[in-house]
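Please look through the structure shown below before reading on. The paragraphs that follow lead through selected parts of the chain.

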Amino acid sequence: MSTLTPTSGTAATTGAATATRRAAGSVGRIAAQWSLAGLLLAFVLFFSIARHGQFDTAINARSILYTQSITVIVGISALVSATVGEIDISIGAVMTVSGVLTAWAYGRGWSTGPAVALALGAALAIGAVNALLVVRFRVDSFIATLAMTTLLTGFAQLVTGGLTLYRNIPNGFNDLVASTVAGVPLLVLYAAAVAGVLAYVISWTPYGRRMRASGTGRAAAELIGVRTRRYVTAGLLAGSVVAALAGVLNTARLQSASPDGGSAVMLGSIAAVFLGAVVSRRGHLNVVGTVLAVLTLGIGISGLTMMGAPAWVPDVFNGLALIAALLISRAGRGRR
């Protein structure tokens, strides 16, 4: 018959405490991973009860998907640059300028192909300047893209004269986004395609793994031979072009372009990128989480608007979401 000594009793107590902490940590991680989906479901249930027959309809669901598709694409553009460790806050201004240039070209009799090429080409040039500042001259990406945002805002005002452009935009341009396939608008399918392609590239290809390595551990990645400057450049270029695509599609959706069209979605998009990291076990930025966060925020704002919330509520809602997202991102880095 064995006898427990004081030392063995202390060890047993310590082991039990460690197991309890590990179990609590596992429960916390699982709860965090499912918190975003739970919040989305809670929003749907609450607003369906509060606005029964108005919120819980197929038409409203389709409307939310249609309007949030642009935000999904802009969010993914922010995700691309964030994956390589840089914050590009010029994506909203890039979206604005690309939409304005498309409308400007139509106003001067250009056809769809050259008008869209002008917008995407301008975005590529903007992304190249951002990359030059960040990679070559080592300017902090936040500062560089903030300066670019100011420049592009002024440029959009110059091109539009402070007015909304709509002249000569053909109705067929709207068909490119509003037409449906099996009841689903093409704009929703475009957003799904962009999300699917980038999710595959970032998560499942060697190129994507090097992008993630450039963002999460640049010094270590360089030590094993990853040319991080190349991947940072590619991330900033791709993010800019994807944001421009959102601007072109938004002009097609609205049949017009205003000098502040991108500012309305920029904050929500960046918030969604960091908020979406919560679905990852290790707190990594990811496409699925970004899309889920955009839909959660979109449903929340749609429901609040339907309940008669004042116009300032969406901005406050997005601002609080961004604060929550940054705190979650900080906690995620702590877990890693």
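A residue is called buried when its relative accessible area is under 20%, exposed when that area is over 50%, and partly exposed in between, with a 1.4 Å probe and protein chains only. This is a predicted model, in which local features need pLDDT of at least 70 and side-chain atom pairs count only at pLDDT 80 or more, while totals for chains, interfaces and linings use all residues. Residues are numbered from 1 along each chain as its sequence is written, and side-chain values use heavy atoms, with hydrogens and water left out.

Consider Thr 102 to begin with. Thr 102 has a relative accessibility of 0% and therefore counts as buried. This residue belongs to helix α3, which covers residues 91-107; helices (H or I, at least four residues) are DSSP runs numbered from the N terminus. Apart from neighbours within four places in sequence, Thr 102 is in contact with Ala 115, Ala 119, Phe 173 and Val 248, where contact means heavy atoms within 4.5 Å.

Helix α10 comprises residues 228-254. Its 27 residues reach 39 Å from the first C-alpha to the last, close to the 39 Å expected at 1.5 Å a residue; the expected span is 1.5 Å times one less than the number of residues. After α10 comes Gln 255, which has a positive phi, near 60°.

The aromatic residues come next. The structure holds 7 aromatic pairs. In the pair of Phe 43 and Phe 47, the ring centres are 6.0 Å apart and the planes stand at 40°, so this pair is tilted. Rings of Phe, Tyr and Trp (its six-membered ring) pair if their centres lie within 6.5 Å; planes under 30 degrees apart count as stacked, over 60 as edge-to-face and the rest as tilted. Both residues lie in helix α1 (residues 6-50), 4 residues apart, or about one turn of the helix. Phe 43 counts as buried because its relative accessibility is 17%, and Phe 47 is buried with a relative accessible area of 3%. Together with Phe 46, Phe 55 and Phe 317, Phe 43 and Phe 47 form one aromatic cluster.

How many salt bridges does the structure hold? There is 1, a salt bridge being a side-chain nitrogen of Lys or Arg within 4 Å of a carboxyl oxygen of Asp or Glu. The side chains of Glu 86 and Arg 218 meet in a salt bridge at 3.1 Å, N to O. This pair links distant parts of the chain, 132 residues apart: Glu 86 is in the loop between α2 (58-83) and α3, and Arg 218 is in helix α9 (residues 218-223). Glu 86 is buried, since its relative accessible area is 9%, whereas Arg 218, at 29% relative accessibility, counts as partly exposed.

Terms used:
Helix = DSSP H or I, 4+ residues; strand = E, 2+ residues; numbered from the N terminus.
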